[in-house]
Amino acid sequence: MSTAATTASDRLLGVYRRPEMTFNRGAGAWLYDTAGNAYLDFISGVGVNALGHAHPRVAAAIAEQAAVVSHTSNLFHHPFQAPLAERLAQLSGLSRVFLCNSGAEAVETCLKFARRYWYSQGASRNTFVALEHSFHGRTMGALSVTWDAHYRDPFAPLVGAVRFVSPLDPDALLAAADETTAAVILEPIQGEGGVRPLTKQFGAAVSEACARTGALLIADEVQCGLGRTGVPFVSPTLGISPDLMAIGKALGAGFPVAAALFSDRVADAAQPGDHGSTYGGNALACRAALAFLEELIDRGLLDRVKAMGAVLERELHALAARVPRVVEVRGAGLMWGLEIEGDAAAVVDAARSRGLLINRTSGTVLRLLPPFVITEAEISRAVELLEASLRESES
Ligand code: PLP
């Protein structure tokens, strides 16, 4: 088979399988293709477009900033990094913030500074404990703590020294963490791995293992954090207190921005020159993130996620009761996975042809990540379309 590029899109590296249509416009929970078809977007750019598409206040903040100054580099201050760091610190209870561009970069930063902390202590602790079904990103470090071998194997050797334990087995976690462990890393609700919320019981084992061995705890809240489940962060609901946290996706409401959040003791190990990122926290990114946090916290969007999350939860459980091939409904707030029998990819295709965008993750799971601005009527419409798609693709 020839690998020669023949059309414009052939010039893009072949790492994504994409349907044919092209989106050129969005508004709220809706995307429109170049043929003028409307799609109800329950993927939200994989959890990114938390305020929906083309949010007017985010658009205005970015446009206003672009007309003044976009980028200064981190060699200099600009007026928006410190207020953003202050807001994130207040919200998370972690005291220092490193701004970067993607979830993987935030995770990478956390992994590096877990090791940096132990290095500064003069201790050779450099291993990690991660969870089965985890997904932490595509860079070499983040990939090393990502569970599914099909992501990792083609790129070996990776960072190594990672032990994976089942999130259903607190005893395995307690046995895996020891005095060589730099950090335990987990997603409080596993996203790409099939929307699997960790239990409080597992959270208790994590706290116990970290307290007993001194291992740091890294929470990856890139997908589940920043309001997606109706709370600022999910970690406190599991009773865990991370030393490091990775956030991203929703933070820029569509603008690429992410952050690693640090406790005092880990931050104290950081020295000038230890780490950096050319674009990290540029003025446009900070304006977008500040606009997002204003909507989420100051304008009451968090309460709305709670309310709409309860509606979606109720409707999905009712759907599962009507459609036997839905075997499990998992998630919280506006982050849900439907474990189904049969071909999940066919359901995704059927839904898209009916005007609903969802995606499949972990083989047999349909994932729903609607924007935080979703309405009750849009939820009902999406569940109707989903039910029709499940029934159509069954036969
Ligand atoms: N961590 C989690 C929990 C994620 O879900 C993802 C992306 O899906 C990442 C990290 C990587 O984020 P990014 O794709 O922005 O690098």
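How do the residues of the shell around the ligand divide into nonpolar, polar and charged? They divide into 3 nonpolar, 5 polar and 4 charged. Here Ala, Val, Leu, Ile, Met, Phe, Trp, Tyr, Cys and Pro count as nonpolar, Asp, Glu, Lys and Arg as charged, and the others, Gly among them, as polar.

This is a predicted model, in which local features need pLDDT of at least 70, side-chain atom pairs count only at pLDDT 80 or more, and totals for chains, interfaces and linings use all residues. Residues are numbered from 1 along each chain as its sequence is written, and side-chain values use heavy atoms, with hydrogens and water left out.

**Ligand site**

- The residues around the ligand are Ser102, Gly103, Ala104, Phe135, His136, Gly137, Glu187, Glu192, Asp220, Val222, Gln223 and Lys249 (a heavy atom within 4 Å of the molecule).
- An N or O atom in the side chain of Lys249 lies 3.0 Å from an oxygen atom of the ligand.
- On its own the ligand has 390 Å² of accessible area, and the protein covers 81% of it (Shrake-Rupley method, 1.4 Å probe; for residues, only the protein chains shown count as cover).

**Helix 3 and helix 10**

- Helices (H or I, at least four residues) and strands (E, at least two) are DSSP runs, numbered from the N terminus.
- Helix 3 (residues 81-92) packs against helix 10 (residues 283-298) at about 35 degrees, with axes 9 Å apart (axes are lines fitted to C-alpha atoms over the stretch in contact; angles run from 0 to 180 degrees between N-to-C directions).
- From helix 3, Gln81, Pro83, Leu84, Arg87, Leu88 and Leu91 meet Cys286, Ala289, Leu290, Leu293, Glu294, Ile297 and Asp298 of helix 10 (contact means heavy atoms within 4.5 Å).
- The residues of this contact divide into 9 nonpolar, 1 polar and 3 charged.

**Ser92**

- Ser92 lies in helix 3.
- A polar atom of the Ser92 side chain is 2.8 Å from the backbone oxygen of Leu88.
- The backbone nitrogen of Leu94 is 3.0 Å from a polar atom of the Ser92 side chain.
- Leaving aside residues up to four places away in sequence, Ser92 touches Phe233 and Leu261.

**Backbone geometry**

- The Ala156 to Pro157 peptide bond is cis, with omega near 0 degrees.
- Pro157 sits in the loop between helix 6 (149-152) and strand 6 (162-165).
- Ser44, in helix 1 (residues 44-47), has a positive phi of about 55 degrees although it is not a glycine.

Conventions. Polar contact = N/O pair within 3.5 Å; in protein donor to acceptor, adjacent residues only side chain to side chain.
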